[in-house]
Amino acid sequence: MRHIHLDPLGGIAGDMFVAALLDRFPEHAAVAEQAAERLSGAACRSLSHTDGTLSGSRFAVQAGGAAGGHAGHGHRPDGHDHRHDHDHDHDHGHGHGYDHDHGHGHDGGHDRHGGHVHWAQIRARLEGSDLPEGARRAAIGIFAVLAAAEGRVHGVPADQVSFHEVGAADSVADIVAAAMLIDRLGPASWSVGSLPTGSGLIRTAHGIMPVPAPATSLLLEGFLVHDDDIGGERVTPTGAAILRWLEASPGPRPAGRLVGSGIGFGTRRLPGMSNCLRVLELDTGAIAAAPAAAHRTLAVVGFEIDDQTGEELAAGLDRLRRVPGVHDVLQMPAFGKKGRMMAHVQLLADPAALDRVVALCFEETSTIGLRCQLVEGRALVRSAAEVALAGGAVRVKLVERPGGVSGKAESDDVLEVPGHAARRRRRQDAERRAEAQAGQAPMGRAPGDDTQGDDGPDGRELG
């Protein structure tokens, strides 16, 4: 299954999200640009970009002009990269304007003139558009999340939230392009790493507000955040709305096969780091397709012996190995107090058999105390096969590993073959034949079934 993980090194804004996806999936650039242009009325282009350290892409949006005519993405005629205005809407006494924040910046408090576009108007435009159904649903969903957060901040219904004309064009361009890419990628899961909160203040029509912006703070509830000591606005409301609509899982990227990556830049220069968002495409199906390791609980019993002869201890441990519910018995040398040589013993057993195993440890060995604990174990699927060879049959234990089925011949079945090289050839021949047969038939044992397959001649499971 396709999984997209977002690494917000510099943070995340709508244009950075689009740029990072287009850097990874440039084949979708034309349809994303064209859809964004049709719905926003702005010129939209995906541009190659380097900050001197990393190379990637920018998503350039220019209202009323050529997107390629400006050196930096998001630069407006007044020279500012990113505006986050809440202009009072005189036509609707409780309306509030939101001017899209591009690439982590703000307008420094410049007054904006001109009309506003209400969320209800943008929604109607999107609903009547020729966007594919999936892209239309995503665009409306992201805008709805954003409008709801802005409305909650200012205490007005979402439908009364308004966007300044220029800011609305940028918002529509970024969100429509993002929606097109989300739709084009098809079914995928999403995750995002810890997000830098930034710090400081931004000036809006309602006065000075803290970073992260109030709407951004609402949208980031439940996500992991951190302070990397670099100030300014690092996560914009549009970027946060995209994460919220995607229901991106917060935290580290999951395990999977890395397919590719892309980098999307914002306009602002950050001290000591690239202002970028990285996407990593993973194939988590590669993990899901691997043989399932069955979870199980094991009882571990451990103790040391320094006053029992090796012959007597070996006899006692052999009896313990034959106890129903005992999976494995290990014995290894150890040094005890005063440098005395001793034997360390460890047993793996079924938890249901623990009391009986403990009693037999005291009966079969000279220990006067032992340790017990329950641990979580995992076991691969195993089965047993028997291969007919000239000179007799050889039993082979088969294990289904991530790289394929592997076989291990039973050493007792080749003991009568003279010569080390001859015994090895016989084992290898039996293993190859058993593996070939297993490749044509399903494994004969379910995960967690401890009644088949063994690591030893007595049928007990080792490990």
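In strand β17, valine 279 is the bridge partner of glycine 262. The model is predicted: local features need pLDDT of at least 70, side-chain atom pairs count only at pLDDT 80 or more, and totals for chains, interfaces and linings use all residues. Residues are numbered from 1 along each chain as its sequence is written, and side-chain values use heavy atoms, with hydrogens and water left out.

Strand β17 covers residues 276–283. Helices (H or I, at least four residues) and strands (E, at least two) are DSSP runs, numbered from the N terminus. Eight bridges join β17 to strand β16 (residues 257–265), and the two run antiparallel. Strand β1 (residues 2–7) is also antiparallel to β17, with six bridges between them. Here arginine 2 stands opposite aspartate 283 of β17. Two strands pair if DSSP finds at least two bridges between them.

Is β17 enclosed or open? Seven of its eight residues are buried, so β17 is largely enclosed by the rest of the structure. Buried means under 20% relative accessible area, exposed means over 50%, and partly exposed lies in between (1.4 Å probe, protein chains only). In a regular strand the side chains alternate between the two faces of the sheet.

Another set of strands forms an open sheet of three, in the order β22-β23-β24, with antiparallel pairing. Its edge strands are β22 (382–389) and β24 (404–409), each of which pairs on one side only. On average, neighbouring strands of this sheet are turned by 35° against each other, direction ignored. Eight bridges join β22 to β23 (residues 392–401), and arginine 382 stands opposite valine 399 in β23.

Turning to the helices, methionine 16 lies in α1 (residues 14–24). This residue is buried, with a relative accessible area of 0%. Methionine 16 and alanine 60 are 44 residues apart in sequence, while their C-alpha atoms are 9.9 Å apart in space.

The axes of helix α3 (residues 119–127) and helix α4 (residues 133–154) come within 10 Å and cross at roughly 175°. Axes are lines fitted to C-alpha atoms, for helices over the stretch in contact, and angles run from 0 to 180 degrees between N-to-C directions. The two helices are therefore roughly antiparallel to each other, a term for angles over 145 degrees. Residues in contact (heavy atoms within 4.5 Å) include Trp119 and Leu126 in α3, and Phe143 and Ala147 in α4. The residues of this contact divide into eight nonpolar, no polar and three charged. Ala, Val, Leu, Ile, Met, Phe, Trp, Tyr, Cys and Pro count as nonpolar, Asp, Glu, Lys and Arg as charged, and the others, Gly among them, as polar.

Technical notes: Angles under 35 degrees count as roughly parallel, over 145 as roughly antiparallel, 65 to 115 as roughly perpendicular and the rest as oblique.
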